[in-house]
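Colleague: Mind walking me through how you label things in this one? I'd like to hear the cut-offs too.
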Amino acid sequence: MFEFIICAIAGIGAGVATGFAGLSAAVYISPILVTFLGIPSYEAIGIALASDVLASGASSLTYYRHGNINIKKCIPLLVSVISFTIIGSIVGYFFSSSDFGDTTMTYWTVIVSLGLGFRFLLRPVDNGGGHVFSEKVRTVAAILLGAYTGFLCGFQGTGGGMMMLFILTMVLGYALKTAVGTSVFIMTFTALIGAISHFAINGMPGIRRLVICVIFTLIAAQISASLANKIRVSSCNLIIGVLLAVSGVIMLLINLSETGFVGIDTPMLVGIGLGAVAVILMILLFEIKRLKGKDGKE
């Protein structure tokens, strides 16, 4: 029963992050399964990637129905990410991620998460655009960053949603909802490749854990994506900002505790997570009330 509850909570958290912000399920599922169930991190990442596939695919369909996916403009990014995901998966067969500075990559993820989180909170993204660089320069930058992101997706097992959100909003100038929709579309393919490579290398994970995480991630992602496409962009900025900032803080605390720099315990991490959930719920309740009032007037 304990295992079911932990997997369900991990799946719900991952689904909300995927549906609202286009984040990888690995950001939530992996640390929760490792911390509370003690399963190997490589197996946890495989479960997270498998959960990502259906959740991202279903979420991208929801965003597509609302006109919030723009593939044509990011085809070079799509090709770059998928190509280097395959390359990263092949390299992953022969090398341990620690050989390539896993700690450095982890801290880079923390920096991106915190930076994007505070960006969305303090300087919300609305309709995109407003870049001083030419389209050619932005396209080249997107290809290079996409190659880096794709390699990490295949090599480390991360879905790359955080980096793709950064590329789409900050580099290519996408509007927020379109960036999230396009991100989950691309992540469907990167997560699929990453999951296949993980299962090929490490074998199938525990089926019970896998099924529970996949189901709850899918359900939560569908609900979240549906709400994200209906609420105001300002509220989306707040929710995504909270998700990213809190994720960055938690990852930073975990990494610092492993080095012995700070001391943290499970209740502290749970408290931070529950605080973020409370804030997000308040925003959603306000938006749902506003939508009902709007429908009533019509």
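Colleague: First off, which helix does Ser59 lie in?

Modeller: Ser59 sits in helix α3, residues 41-65; helices here are DSSP runs of H or I, at least four residues, numbered from the N terminus. Keep in mind that this is a predicted model, where local features need pLDDT of at least 70 and side-chain atom pairs 80 or more, while totals for chains, interfaces and linings use all residues. Residues are numbered from 1 along each chain, and side-chain values use heavy atoms, leaving out hydrogens and water.

Colleague: Why is Ser59 called buried?

Modeller: Buried means under 20% relative accessible area, exposed over 50%, partly exposed in between (1.4 Å probe, protein chains only). Ser59 has 0% relative accessibility, so it counts as buried. Its contacts (heavy atoms within 4.5 Å) include Thr18, Val184 and Ala221, leaving aside residues up to four places away in sequence.

Colleague: And what makes Val211 partly exposed?

Modeller: Val211 is at 40% relative accessibility, so it counts as partly exposed. Val211 belongs to helix α9, where Leu210 and Ile212 are among the buried residues.

Colleague: How do you know how α9 compares with its expected span?

Modeller: The expected span is 1.5 Å times one less than the number of residues. Helix α9 (residues 207-228) has 22 residues, and its 31 Å from first C-alpha to last is close to the expected 32 Å.

Definitions and conventions
Helix = DSSP H or I, 4+ residues; strand = E, 2+ residues; numbered from the N terminus.
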